[in-house]
Amino acid sequence: MSKKKTISLPDYVARIAEIKAKLKFGGNFSNYLQYLICSDNADDIKKLLEDEENQKPKQISEARPAEFSNRCPCCNKKIKIGEKICNALFNDGHEQFVHKKCCKV
Ligand SMILES: [Zn+2]
């Protein structure tokens, strides 16, 4: 998931940033910004990712392709026929099928 943001920079900053983005990230300005923000907030980002990972339900069955469409309770997106799903155990003790990518092993 990613959010679109509009930013403004003084011309001289934008020029340098575009040169750097070209050199280090194949011209992908978003990747350059992400690199800068992550470098500046490494501990906070690590903790956030760990918290998100801990909230995922635990995979308790083999992954298999979905036979009918449903809604994933983790990401709230549609589970399409053929997408990899598995049964998962939630923190409150209930079990439910979710996207394979939405649970931890
Ligand atoms: Zn999901």
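Q: Which residues does valine 98 touch, not counting residues up to four places away in sequence?
A: Valine 98 touches Pro57, Cys72, Pro73, Cys74, Ile85, Cys86, Ala88 and Cys103, once residues up to four places away in sequence are left out. Touching here means being in contact, that is, having C-beta atoms, placed from the backbone, within 7 Å of each other. A word on the ground rules: this is a predicted model, in which local features need pLDDT of at least 70 and side-chain atom pairs count only at pLDDT 80 or more, while totals for chains, interfaces and linings use all residues. Residues are numbered from 1 along each chain as its sequence is written.

Q: What makes up the largest nonpolar core?
A: That core has 7 residues: Cys72, Ile79, Ile85, Cys86, Ala88, Val98 and Cys103. They qualify because a nonpolar core is a set of buried Ala, Val, Leu, Ile, Met, Phe, Trp, Tyr and Cys residues joined through C-beta atoms within 7 Å. Buried, in turn, means that 20 or more other C-beta atoms lie within 10 Å of a residue's own; 12 or fewer make it exposed, anything in between makes it partly exposed, and the C-beta atoms are placed from the backbone.

Q: Which element gives the largest share of this core?
A: Strand E5 does, with 3 residues. Strands (E, at least two residues) and helices (H or I, at least four) are DSSP runs, numbered from the N terminus. The chain has 3 helices and 6 strands, and their order from the N terminus on is α-α-α-β-β-β-β-β-β.

Q: How do you know that strands E5 and E6 pair?
A: DSSP needs to find at least two bridges between two strands for them to pair. E5 (residues 84-89) and E6 (residues 95-99) are joined by 5 bridges and run antiparallel, so they meet the rule for a pair. Within this pairing, alanine 88 stands opposite glutamine 96 in E6. The hairpin has 5 residues between the strands, and glycine 93 takes a positive phi there, near 95 degrees.

Q: What makes asparagine 76 buried or exposed?
A: Asparagine 76 has 8 other C-beta atoms within 10 Å, so it is exposed. This residue sits in the loop between strand E3 (70-71) and strand E4 (78-79), and has a positive phi of about 65 degrees although it is not a glycine.

Q: And what makes glycine 82 buried or exposed?
A: The count for glycine 82 is 10 other C-beta atoms within 10 Å, so this residue is exposed. Glycine 82 is placed in the loop between E4 and E5. Leaving out residues up to four places away in sequence, it touches Pro65 and Ala66.

Q: How do you know that the span of helix H3 agrees with its number of residues?
A: The expected span is 1.5 Å times one less than the number of residues. For the 14 residues of H3 (residues 42-55) that gives 20 Å, and the end C-alpha atoms are 20 Å apart, which agrees. Helix H2 (residues 29-40) agrees too: its 12 residues should span 16 Å, and its end C-alpha atoms are 17 Å apart.

Q: Why is H3 said to lie largely in the open?
A: The number of buried residues among its 14 is 0, so H3 lies largely in the open. H2 is hardly covered either, with a count of 0 buried among its 12 residues.

Q: Into which domains is the chain divided?
A: There are domain 1 (11-53) and domain 2 (56-102), with bounds that come from an automatic or database domain assignment. Their centres, taken over C-alpha atoms, are 32 Å apart.

Notes:
Two residues are in contact if their C-beta atoms, placed from the backbone, lie within 7 Å.
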